[in-house]
Amino acid sequence: MFLSLFPPKGRHLLVRRLHSAKQFTNPSGEDILFRAICTNLRQKKWKFLDSVLPSMTSSTVCRVFHEFRNSPPVILEVYYRIGGVRYILDSLTSCGIVIHLMVNSKRYDEALCLIKELMIAKGHSPLDVLKTLLNSQRDFDFSGCAAFETLVRACTDVGSSRGAYEVIKQLRMEGFQVSVHAWNNFLNHLLKVGDVAQFWRVRKEMISYSYVENVITFNWTIYALCKEHRVIEAISVFYRMLKNGIIPNDVTLNMLIHGACWIGDCDMALKLIQKIVIHWLYKEGDVVGASVLIADMFKRNICPDRYTYSTLISGLFRNGQINEALKHYTYILEKNLIEDAFSHNIVINYLCRTKNISRAKQILCSMFVRGLVPDLGTYGSLIDSYCKAGDMENALQTYNDMILSAKKNPNLVIFNSIMDGICKEISVDAGKAFLSGMRDTGLFDVITFNTLLNSYCAGGQVDNALNLLASMRKEGISFNRVTFNIMVNFFCKVGSFQQAKKLVNVMRAQGINLDGVTYATFITCAMKERRGAEEVIELHDFLVLQGVIPDTQIYKEIIRPLLLLQNEHMLT
DNA sequence: ATAGGGTTAG
């Protein structure tokens, strides 16, 4: 088999030389191998690679890539034949070439994978990878920003907001213009991880570079304002959008409805639904060419859809307008406007949150009756509420029903719910075993680890907690705010406020902002520890200086009285 | 590309 791969002439000699190349990794051996590979590749004799694979080092691969740098198909073929990442991971140059080629041939997922491996398995920083990509772009005449933008995406995928930002900044310094698309993706990521403050900074920066916002940018802006309950401003952004000649779409409309529900103005939401988005525009009178735009929206069939109604119902529940919510739910049931499980899930989830699991189960049954298949969200809500109620038996029963009767495979969220239930209701060791099962399925994330970490901390198992943190790092799972909050809580609870403060510094250095939970953790622990007023206030000052917005309730109930007391003291 | 439900921390 080995022999048939060689050209007949001189076959014997080549095999012998190859054989010695295998045994003695001297430079000439590698040279012979390299030349043999090149000759065979030029003749498109791919199978030759398979046979010499055991003798190929990453430096040979790198030389081959360099040799064929102007023949992308050859390099990609070699890359796949040698089995992908592991043979080239040691050589940043090879990786740079392959990433560019993958992106140019629109194999984004594979490029993403390779970049992530470089960062996770090899520990290269995002800026290291960028440098490599810039070098190979220069050395091999690649063009465009697509490879760099894939790197940004890889950073956000592994949870490194800071890495993504650094890459974008560095690219700017190198004179590259990242696309609006890439900025939008990054903005989306910041909203996803809940870093609204950073969202605003990045958006401002993007505009300061005179990027033209498109409909997606505007939609994210409206969404961010709605999330912060700044609906009036969201509406004014909507107007600005019209003025800029950017036609809002159904997503824009649904986001505004979302915002209206958040501030409890469901009437406004309803009006938006009835598209009264016209009367109202004319009344404001400041919209140039509104009629044209609105006519266009009509043409594009922007009307209430499944998102609209589920957004509204969910908003009503959140505002405590239960009857209103149920009224709309019944309405869409009667009118047969429901196409999927979503609206049912919202009701089920409300019932679960209010510990009405039996009624939630009734809705599940009614879904079957209506011929509507419950989805993972339906089961997820039920399973989680059983777990939270400490009823692992029913949680696992529902889990089995889902798999056996509904033939649905659990997803990450459901695994995480069960993980939490197991840790809290069974044992942390059982949780650890469950994690290894999750690892086997490839479904685990930072939440999974946080859940187990929290259990270790709650049980005072410091060594296990630290080991878990180390393995997170090894597997490329970035710590998030919750990870830090768990550790801060641990240190505060054992009275090591100094350690907890050190952690806060690490958080800040990693670009993770503190939040109300961090604040509440410090202050409530200090109170429980019966620390003196002076120390508690000092902690408060420290946190405020770190940029945290104090939790309103804690500030009112604890800090303000302490400050008043201190003032009185100073006066007397 | 973007929007609705379900997972971790006080």
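User: How do the residues of the lining of the second largest pocket divide into nonpolar, polar and charged?

Analyst: Ala, Val, Leu, Ile, Met, Phe, Trp, Tyr, Cys and Pro count as nonpolar, Asp, Glu, Lys and Arg as charged, and the others, Gly among them, as polar. On a 1 Å grid over the protein atoms alone, a pocket is an open set of points with protein on both sides within 12 Å along at least five of seven lines, while a cavity is a set where a 1.4 Å probe fits but cannot get out; lining residues have an atom within 4 Å of a point. The lining of the second largest pocket divides into 16 nonpolar, 13 polar and 11 charged residues.

User: What are the ground rules for the numbering and for the model?

Analyst: Residues are numbered from 1 along each chain as its sequence is written, and chains are lettered from A and ligands numbered from 1 in the order in which they are written. The model is predicted, so local features need pLDDT of at least 70 and side-chain atom pairs count only at pLDDT 80 or more, while totals for chains, interfaces and linings use all residues; side-chain values use heavy atoms, with hydrogens and water left out.

User: Which helix gives the most to the lining of the second largest pocket?

Analyst: Helices are DSSP runs of H or I with at least four residues, numbered from the N terminus. Several supply at least two lining residues each, among them α11 (180–192), α19 (306–318) and α25 (412–426). With eight residues, the helix that gives the most is α19.

User: What is the volume of the second largest pocket?

Analyst: A volume is the space filled by probe spheres set on the grid points, which are joined across faces, edges and corners. The pocket has 40 lining residues, and those nearest its centre include His-258 and Arg-318. Its volume is about 1400 Å³.

User: Which residues come nearest to DNA strand B?

Analyst: A residue is near the strand if one of its heavy atoms lies within 4 Å of it. The surface near DNA strand B divides into 16 nonpolar, 24 polar and 11 charged residues. Of the 51 residues around DNA strand B, those nearest are Asn-345, Asp-375, Gly-377, Asn-416 and Asp-551.

User: Is Asn-184 buried or exposed?

Analyst: Buried means under 20% relative accessible area, exposed over 50%, and partly exposed in between, with a 1.4 Å probe and protein chains only. Asn-184 lies in helix α11. Its relative accessible area is 4%, so Asn-184 is buried.

User: Why is α29 described as largely enclosed by the rest of the structure?

Analyst: The buried residues of α29 include Phe-484, Ile-486 and Phe-491. The helix is largely enclosed because the number of its 13 residues that are buried is 10.

User: What is the phi of Asp-141?

Analyst: Most residues other than glycine have a negative phi. Asp-141 lies in the loop between α8 (126–140) and α9 (146–157), and at 69% relative accessibility it counts as exposed. Its phi is positive, near 60°.

User: What is the volume of the second largest cavity?

Analyst: The lining includes Arg-306, Tyr-309 and Glu-339. It divides into four nonpolar, one polar and two charged residues. The volume of the second largest cavity is about 40 Å³.
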